[in-house]
Amino acid sequence: MQDEKAFILELLEPKTQNEAFRKLLQLYQKPLYNHIRNMVLNHDDADDVLQNTFIKIFSNLKNFKGDSKLFSWMYRIATNEAITFMQQRAKKQGISNEEVQQKAINKLESDVFFDGNEIQLKLQKAIALLPEKQQLVFKMRYFEELKYEEMSEILTTSVGALKASYHIAVKKIEEYLHTN
């Protein structure tokens with residue numbers, strides 16, 4: 001925790017800020033991209049959301065209180081940015097969030113950055129049918145292999161509630177995969 005506090009001070013200090021932010025990008029760009037990509041599904045959209053996420057992180061770092069780990073705080077920003085992006089896209093197109101998700105899945109087959117097979121595509125379709133919170137919990141646990149404690153900090157939800165959401169999501173996905 002002491003190392004993290006020192007790193008945050010480097011990020012806030014004008015003399016060390018640029019180098020520290022480069023280090024921050026090096027450490028977190030890939031995991032945050034993967035997290036966002038799991039949510040928005042499209043590579044170009046994920047890049048846009050990632051850029052907005054780092055802008056928010058940089059401009060709000062002075063407000064970081066240290067109540068959670070820096071990692072959790074940044075993931076929360078990335079999660080909120082991805083959700084906001086999907087909601088704005090749905091509103092702009094005059095459709096529901098679920099329909100936006102369905103369109104994104106339909107585009108996955110032609111996405112050159114998606115290297116999944118038919119089973120992975122079927123899994124994405126099953127995930128898209130879940131309520132938003134269950135989708136998020138499932139993706140964070142299954143794809144990103146985050147611990148429940150980390151997810152609890154990121155989503156500000158109890159570990160018990162997250163375990164229940166994940167369990168229900170798994171059951172729904174299994175049911176979908178067996179019937180389709």
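The chain holds 9 helices and 0 strands, with helices (H or I, at least four residues) and strands (E, at least two) taken as DSSP runs numbered from the N terminus. This is a predicted model, in which local features need pLDDT of at least 70, side-chain atom pairs count only at pLDDT 80 or more, and totals for chains, interfaces and linings use all residues. Residues are numbered from 1 along each chain as its sequence is written, and side-chain values use heavy atoms, leaving out hydrogens and water.

From the N terminus on, the elements run α-α-α-α-α-α-α-α-α. The chain is as compact as a globular protein of 180 residues, because its radius of gyration (over C-alpha atoms) is 17 Å, close to the 16 Å of the globule rule, which is 2.2 Å times the number of residues to the power 0.38.

| Property of the chain | Value |
|---|---|
| Span of the C-alpha trace along its principal axes | about 60 × 35 × 30 Å |
| Residues that count as buried, of 180 | 43% |
| Share of contacts with a separation of 6 or more that join residues 24 or more positions apart | 59% |

Buried means under 20% relative accessible area (1.4 Å probe, protein chains only); contact means heavy atoms within 4.5 Å.

The axes of α2 (residues 17-40) and α7 (residues 132-142) come within 10 Å and cross at roughly 140 degrees. That makes α2 oblique to α7, oblique being what is left after under 35 degrees (roughly parallel), over 145 (roughly antiparallel) and 65 to 115 (roughly perpendicular). On the α2 side the contact involves His-35, Asn-38 and Met-39, which meet Leu-136, Lys-139 and Met-140 of α7. These residues divide into 3 nonpolar, 2 polar and 1 charged.

Key: Axes are lines fitted to C-alpha atoms, for helices over the stretch in contact, and angles run from 0 to 180 degrees between N-to-C directions. Ala, Val, Leu, Ile, Met, Phe, Trp, Tyr, Cys and Pro count as nonpolar, Asp, Glu, Lys and Arg as charged, and the others, Gly among them, as polar. Buried means under 20% relative accessible area, exposed over 50%, partly exposed in between (1.4 Å probe, protein chains only).
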